[in-house]
Amino acid sequence: MKKLLLPILVIILSTFSFSQEVKKDDWIRVQSDDGEFSIELPSNYKYFYDEKGFYVGKDSNIYPLEQMNMFSAYLDDSSISFECYKGTKDALDAIKHLDDRGTKSKGESTSSTEIKRDENKIKQKIFQNENHFTVRQYLYSKTHLYILTTSSRAAETKTTMRFLNSLVFTPNTKNRQIIKDAIFFSKLVSYKIDLKEALDTPISTEKSPVVGSQAQPQTISNSFVISKNPLPTFTEEGRTFSEQGVVRLRIVFSKEGIVSGITILKSLKHGLLRQAIFAAIRIKFLPKLESGSPIDITKTLEYAFRIY
């Protein structure tokens, strides 16, 4: 097991930096190094980077998502995030396909539209039920793809609208302009996922939802709500060696709106553990509130890999 975890630990665990406390109206702009994408974020954002990335699949095909840049922030009970990868349009189509197949909570409805921004067509999906209102926007260029996500408990908020409306996207343009005072991705410091293993640890009697199954409905407005739960993709190596079963992870969902810690309770080989970990890292959620303030909570999730 140590040999299996070593490359994961080397790749995933990077330098952590604590953000200073900021005012609610304190936002900054970040920009991709090639200048094709920029957006505003609250200054208390968290940034995660991984060079190797992971895979997504559709119709028995799998596609790499490399150079993962993920930004997340929680402000005014609104969760905002965007992910950037080096990848193809086929990979983005696979993400949208997995979003459609993903775990849905009771009563969740989905609608799709196409919006136009700066001569660009952007695919948008809205996932909504009585506990959350989530918007996903999908963009791509010749070399990169981007996924923007906002979540709130009822409808759009000033925070989610400011985030989405601040987007500047100039794909495949030779005359891109570097935006003054924007911070390049490469100048940022990635936070650290606290990754541990505790194999064969007794499991709590609390029922653990299996990704891909019907999620338990959330009935309290201040409860912890998972608004987008990514599905992991089987690896080619896993299929070659007929590896299947369940990866079980104990996950810390922090009050800052990020997954801050993962404990491995049950593992699989041939890259499936890594696929599950990166599905967990990308979960979008609204933190649990106590007396109006967000708190950290821990949940156990299972990721099932089956060969049919």
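Two residues are in contact when they have heavy atoms within 4.5 Å of each other. Keep that in mind as we tour this predicted model, in which local features need pLDDT of at least 70 and side-chain atom pairs count only at pLDDT 80 or more, while totals for chains, interfaces and linings use all residues. Residues are numbered from 1 along each chain as its sequence is written, and side-chain values use heavy atoms, with hydrogens and water left out.

## The chain as a whole

The protein chain holds 5 helices and 20 strands. Helices (H or I, at least four residues) and strands (E, at least two) are DSSP runs, numbered from the N terminus. Of the 308 residues, 51% count as buried. Here buried means under 20% relative accessible area, exposed means over 50%, and partly exposed lies in between, using a 1.4 Å probe and protein chains only.

Among contacts with a separation of 6 or more, 70% link residues 24 or more positions apart.

## The nonpolar cores

A nonpolar core is a set of buried Ala, Val, Leu, Ile, Met, Phe, Trp, Tyr and Cys residues joined through side-chain atoms within 4.5 Å. The largest one has 46 residues, and Leu 249 and Tyr 303 have the most contacts inside it. Among the elements that give two or more residues to this core are strand S15 (245-253), strand S16 (259-266), helix H5 (272-281) and strand S20 (297-305). H5 gives the most, with 8 residues.

Which residues does Leu 249 touch, not counting residues up to four places away in sequence? Its partners include Ile 262, Ile 264, Leu 273, Ala 276, Ile 277, Leu 301 and Tyr 303. Apart from this core lies another, of 26 residues, among them Phe 71, Ile 80, Phe 82 and Leu 148.

The buried residues of H2 include Ala 91, Leu 92, Ile 95 and Leu 98, along with Asp 93 and Asp 99. The buried residues of this helix pack against several strands, including S4, S5, strand S8 (120-128) and strand S9 (133-140).

Leaving aside neighbours within four places in sequence, Lys 96 is in contact with Lys 123, Lys 125 and Tyr 138. Its C-alpha atom is separated by 9.7 Å from that of Lys 58, which is 38 residues apart from it along the chain.

## A four-stranded sheet

Now for a sheet. Strands S11, S2, S1 and S12 form an open sheet of 4 strands, in the order S11-S2-S1-S12, with mixed pairing. Two strands pair if DSSP finds at least two bridges between them. The table lists the pairs.

| Strand pair | Bridges | Direction | Residues standing opposite |
|---|---|---|---|
| S1 and S2 | 5 | antiparallel | Ile 28 and Leu 41 |
| S2 and S11 | 2 | antiparallel | Ser 38 and Val 168 |
| S1 and S12 | 2 | parallel | Val 30 and Ile 183 |

S11 and strand S12 (183-184) stand at the edges, each with a single partner strand, so one side of each is left without a neighbour in the sheet. Strand S2 (residues 37-42) is mostly covered, with 5 of its 6 residues buried. S1 and S2 form a hairpin with 5 residues between them, and Gly 35 in the turn has a positive phi of about 80 degrees.

Helix H3 (residues 158-165) lies across S1 and S2, running at about 160 degrees to S2. Axes are lines fitted to C-alpha atoms, for helices over the stretch in contact, and angles run from 0 to 180 degrees between N-to-C directions.

## Two backbone angles to look at

Most residues other than glycine have a negative phi. Gln 67, which is not a glycine, has a positive phi of about 50 degrees. Gln 67 sits in strand S5 and counts as partly exposed because its relative accessibility is 26%. Asp 76, also not a glycine, has a positive phi of about 55 degrees. Asp 76 is found in the loop between S5 and strand S6 (78-86), and at 43% relative accessibility Asp 76 counts as partly exposed.
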